[in-house]
Amino acid sequence: MLWTIFLLLSGLLLLVVLFSTRKNEPPLDKGVLPWLGHALEFGKDAAKFLARMKDKHGDIFTVCVAGHYVTVLLDPNSYDAVLNDVTSLDFKHIRSQLLQRIFSLVLPSIKPEAERKLMERHFQGLSLSKLNNTMNTHLQWLLLSDQRGCDATEWREDGLFSFCYSLVFRAGYLTLFEGKDNAATVYTEFRKFDDLLAKLARRSINRENKVASSSREQLWELLSPSWLSGGSGPSSWQRNYCHLLQEEGVDAEMQKRALLLQLWTTQCNAGPAAFWLLGFLLTHPEAMEAVKSEIRDLTLQDISLQTPVFDSVLSETLRLTAAVMINREVVQGKILHMANGQEYHLRQGDRVCLFPFLSPQMDPEIHQDPQIFKYDRFLNEDMTVKDTFYKNEKRLKWYTMPWGAGKNMCVGKEFAVATIKQFVFLVLTHLDLVMCDPEAKLPPVNPSRYGFGMLQPDGDMQIRYRLKRTQHEM
Ligand code: HEM
């Protein structure tokens with residue numbers, strides 16, 4: 001009897017050992033808290049936490065975060081092994097979880113491929129120049145109408161972040177959405193919601209839950225076009241998107257909610273990017289001078305032409321402030337082949353995460369002095385784009401990744417670049433813009449926003465501005 005119990009227990013122990021050790025798998029760091037693992041440190045400042053783990057374990061490791069085992073891969077030469085695998089790795093489940101948490105949105109049957117095609121049709125190719133023209137008109141109109149009623153010589157004061165975000169958001173909203181009279185109200189409400197976004201995604205929202213729900217509901221109403229309840233209207237991106245949802249069997253309520261997701265996707269990055277870019281220019285006079293001399297003789301129509309200095313400034317800005325996380329779920333066990341020849345087994349049910357902000361973007365092996373803003377980092381001496389960067393002596397395909405990669409790569413990249421260019425051009429040619437404190441530095445980033453696209457500042461930088469007496473006097 002004793003022997004039977006002993007044998008049973010030994011067998012059980014063997015099974016436990018067999019199934020709990022991770023053979024040929026990336027180094028595992030569970031953290032000290034059961035189930036939670038590293039969730040708190042991750043949520044507080046993911047970049048700092050992952051940099052610590054990278055120092056400890058190298059370019060690949062698995063961490064436990066709120067009940068999930070997440071394998072973090074930080075070697076850009078090996079990213080394609082994850083990005084190109086659509087059989088063992090899936091993003092749909094993680095995406096729908098996030099949509100539910102953040103937007104109270106359930107889209108069970110929607111096919112991401114069809115949605116993407118529709119976005120491409122509206123934001124790229126032939127549609128792009130029309131979109132750029134409309135955006136341009138709105139940016140110009142808003143910039144000038146915001147000054148109306150003021151003495152032209154009078155300086156106005158604002159935070160640079162509010163100034164940029166508010167203008168770019170409202171112009172983008174007027175360009176892509178159908179509500180024409182409520183842009184300012186939508187912006188104010190959206191900022192409340194956007195401030196709570198990271199907490200909603202991590203389910204760490206308690207006290208502010210009511211604020212988030214009420215803000216979300218208000219935005220649903222503000223965005224809801226009359227035709228959703230049966231009215232008619234001209235064909236537009238928004239209308240075609242809802243039509244696609246309808247064909248997939250999504251009801252009117254969920255269609256309404258989906259518009260908030262699209263508002264966030266299309267409007268939450270360009271404004272903050274414009275802020276960082278102008279902020280870097282204001283705090284780096286040599287960069288400001290280089291951009292000004294490039295655009296001095298251009299008209300707004302010309303800026304769609306080549307502007308290598310501006311392009312390098314934008315790439316450098318995004319390298320320092322764009323922080324997407326690319327997450328996948330392992331739906332069937334997989335061997336990951338790393339560029340250095342090592343192989344790791346990824347377990348079914350675990351997650352894989354790429355965090356390009358740490359590498360390539362802030363990797364000292366790839367970009368010298370990665371913390372420093374160098375406006376000509378992406379510029380060769382002959383003024384062509386510098387795109388040769390190396391890690392471990394291997395030329396990199398992915399040397400900066402602000403737009404994401406693979407199947408979810410940003411559909412609005414060209415539109416976003418044109419928008420930021422137009423905005424910066426308009427500001428520099430129409431306004432005298434200075435920092436209130438000439439010695440001021442850019443505010444630090446809000447560390448809770450790593451993983452959600454463009455970073456936002458913790459605080460703001462005060463600026464003074466007024467209309468120029470004559471345009472192009474830079
Ligand atoms: C500086 C500005 C922008 C940055 C840095 C940026 C970045 C990104 C990134 C990283 C993704 C992928 C997200 C993921 O993997 O989950 C993405 C997706 C997307 N972006 Fe942008 N974006 C910007 C502006 C815009 C604008 C102005 C539009 C509007 C047309 C836009 C439309 C989209 C859409 C529709 C997707 C979803 C693509 C898909 O799921 O297939 N983006 N963006």
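The residues of the shell around the ligand divide into 14 nonpolar, seven polar and one charged. The structure is a predicted model, and in it 22 residues surround the ligand, the closest being Asn269, Gly404, Cys410, Gly412 and Ala416. Helix H6 (112–123), helix H13 (252–267), H14, strand E6 (322–324), helix H18 (413–430) and strand E14 (452–454) each supply at least two residues of this shell, and the largest share, three residues, comes from H6.

| Helix pair | Residues | Angle between axes | Distance between axes |
|---|---|---|---|
| H8 and H14 | 160–176 and 270–283 | about 140 degrees | 8 Å |
| H14 and H16 | 270–283 and 308–321 | about 115 degrees | 9 Å |

With an angle of about 140 degrees between them, H8 and H14 are therefore oblique to each other, and H8 passes H14 in a right-handed crossing. On the H8 side the contact is made by Leu160, Phe161, Cys164, Tyr165, Val168, Phe169 and Gly172, and on the H14 side by Ala270, Gly271, Pro272, Ala274, Phe275, Leu278 and Gly279. Of the residues in this contact of H8 with H14, eleven are nonpolar, three are polar and none is charged.

H14 and H16, at an angle of about 115 degrees, are therefore roughly perpendicular to each other, and their crossing is right-handed. Here H14 contributes Ala273, Trp276, Leu277 and Phe280 to the contact, while H16 contributes Val313, Leu314, Thr317, Leu318 and Thr321. By class, the contact of H14 with H16 has seven nonpolar residues and two polar ones, with no charged residues.

The model also holds an open sheet of six strands, in the order E1-E2-E3-E10-E7-E4 and with mixed pairing. Strand E1 (28–29) and strand E4 (89–90) stand at its edges, each with a single partner strand, so one side of each is left without a neighbour in the sheet. Within the sheet, strand E7 (residues 326–330) and strand E10 (residues 351–354) pair in the antiparallel sense over four bridges, and Ile326 has Leu354 in E10 as its bridge partner. Helix H3 (residues 46–57) packs on this sheet, where it touches E1, strand E2 (60–65) and strand E3 (68–73), and the direction of H3 makes about 135 degrees with that of E2.

How values were computed. Residues numbered from 1 in each chain as written. Predicted model: local features only at pLDDT ≥ 70, side-chain atom pairs only at ≥ 80, totals over all residues. Axes fitted to C-alpha atoms, helices over the stretch in contact; angles between N-to-C directions. Parallel < 35°, antiparallel > 145°, perpendicular 65-115°, else oblique. Left-handed = near helix turned anticlockwise from the far one by under 90°. Contact = placed C-beta atoms within 7 Å. Nonpolar A, V, L, I, M, F, W, Y, C, P; charged D, E, K, R; others polar. Near = placed C-beta within 6 Å. Pairing = 2+ DSSP bridges.
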